[in-house]
Amino acid sequence: MKPITRLEAVTQPRTIERIVTGVATSDGAGVKLTRVLTQNLQQRLDPFLMLDNFRSNDPDEYIAGFPDHPHRGFETVTYLIAGRMRHRDSAGHEGLLQNGGVQWMTAGRGIIHSEMPEQENGVMEGFQLWLNLPARRKMIPAWYRDIPKTEIPEYTTDEGVTVRVIAGTSNGVSGAMTREDTEPLYLDIDMPADSLFSTTLPANHNAFIYVYRGELTVGGTLLGESRMGILANTPQACPEPGRRADGVVLIASGPTRAILVSGKPLGEPIVQHGPFVMNTKEEIYQAVKDFNEGHLADAG
Ligand code: FE
């Protein structure tokens, strides 16, 4: 762990533009989850397509898992805070995701995989985030990386805030993953009572915070547990027109945990049909056809 005593200056912090309450749903073979980033927010939060949060200590709510299903055209980032999940895919890869680990999967042209709990009791908690690929890279070969907890860089501030840097760079600490096209930042932030944390964010990047324990004050707005705050791209105090926001400041009155996610928008058309996310309807028809004919994941 790398101690940090100084945070980079944030003088034009973002405010919360909108508070979003997730929608309770189930997916896979009946896993109960909360869909926080839904399809109607895909343009606003470009390049992010979906965020699911799951947390349960009732095996009936997760044991059925996610049997074989396809994906094409984007990346999935699964962050398992607690639990054990086995994944297998059509390329013959297999891995175990557990306790603080991340699986970063590029579906690209196509993959068929399963994500199944490997526990019969206890807590299963985590997130799945979908990150879009630019049009010119949607059909690249599938790829994935399992990132165990020990390989995720972490830092602690002088106020005792612990930050795990899954992707991107925060306060000079580079995370486990980088992506050139979308420059994602993905932080898991653990704040003690009465602490403040800040990190810089490029003004043009879309960003949100999701509080999964406790509550935060962001730009004067209170963001409660299980709420997503979409961060405005313009700063709080804006004395000069055109002044750009340079980051975000979080204040926790009690112990709080949240994820902060930002990325560079692609600005391309988004057409989703279930597990396929492409740029045109024709490409979606092709994905469905390829899947039905059993060659979704074939080499292009
Ligand atoms: Fe999947």
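Predicted model: local features only at pLDDT ≥ 70, side-chain atom pairs only at ≥ 80, totals over all residues.

Let me start with the metal. Which residues coordinate the iron ion? The donors are His69, His71 and His113, each through NE2, together with Glu115 through OE, at 2.1 to 2.6 Å. Along the sequence, these donor residues follow the spacing H-x1-H-x41-H-x1-E. His69 belongs to strand β6 and His113 to strand β11, so this pair ties together parts that are 44 residues apart in sequence. The angles subtended by the four donor atoms run from 82 to 177 degrees, which makes the arrangement irregular. His69 has a relative accessibility of 18% and therefore counts as buried; His113, at 1%, counts as buried too.

I turn now to the cores. The largest nonpolar core contains 29 residues, and Leu51, Phe127, Tyr186, Phe208 and Met228 have the most contacts inside it. Phe208 touches, among others, Leu37, Phe48, Leu51, Met228 and Ile259. Another core, of 24 residues, lies apart from the largest one and includes Ile16, Val161 and Phe197.

Finally, helix α1 comprises twelve residues, 281–292, and spans 16 Å from its first C-alpha to its last. Which residues of α1 are buried? They include Ile284, Ala287 and Asp290. The buried residues of α1 fall within an arc of 125 degrees when seen down the axis, so they line one face of the helix. That buried set packs against β26 and β27. On the other side of α1, Lys281, Glu282, Tyr285 and Asn292 are exposed. Just after the helix, Gly294 adopts a positive phi of about 80 degrees.

Terms used. Residues numbered from 1 in each chain as written. Heavy atoms only, no water. Helix = DSSP H or I, 4+ residues; strand = E, 2+ residues; numbered from the N terminus. Expected span 1.5 Å × (residues − 1). Buried < 20%, exposed > 50% of the residue type's maximum accessible area, 1.4 Å probe, protein only. Arc of directions from axis to C-beta. Contact = heavy atoms within 4.5 Å. Core = buried A, V, L, I, M, F, W, Y, C linked by side-chain atoms within 4.5 Å. Donors = N, O, S within 2.8 Å, 3.2 Å for Na, K, Ca; no water. Tetrahedral: all angles 85-135°; square planar, octahedral: opposite > 155°, others 65-115°. Lists of a residue's contacts leave out its neighbours within four places in sequence.
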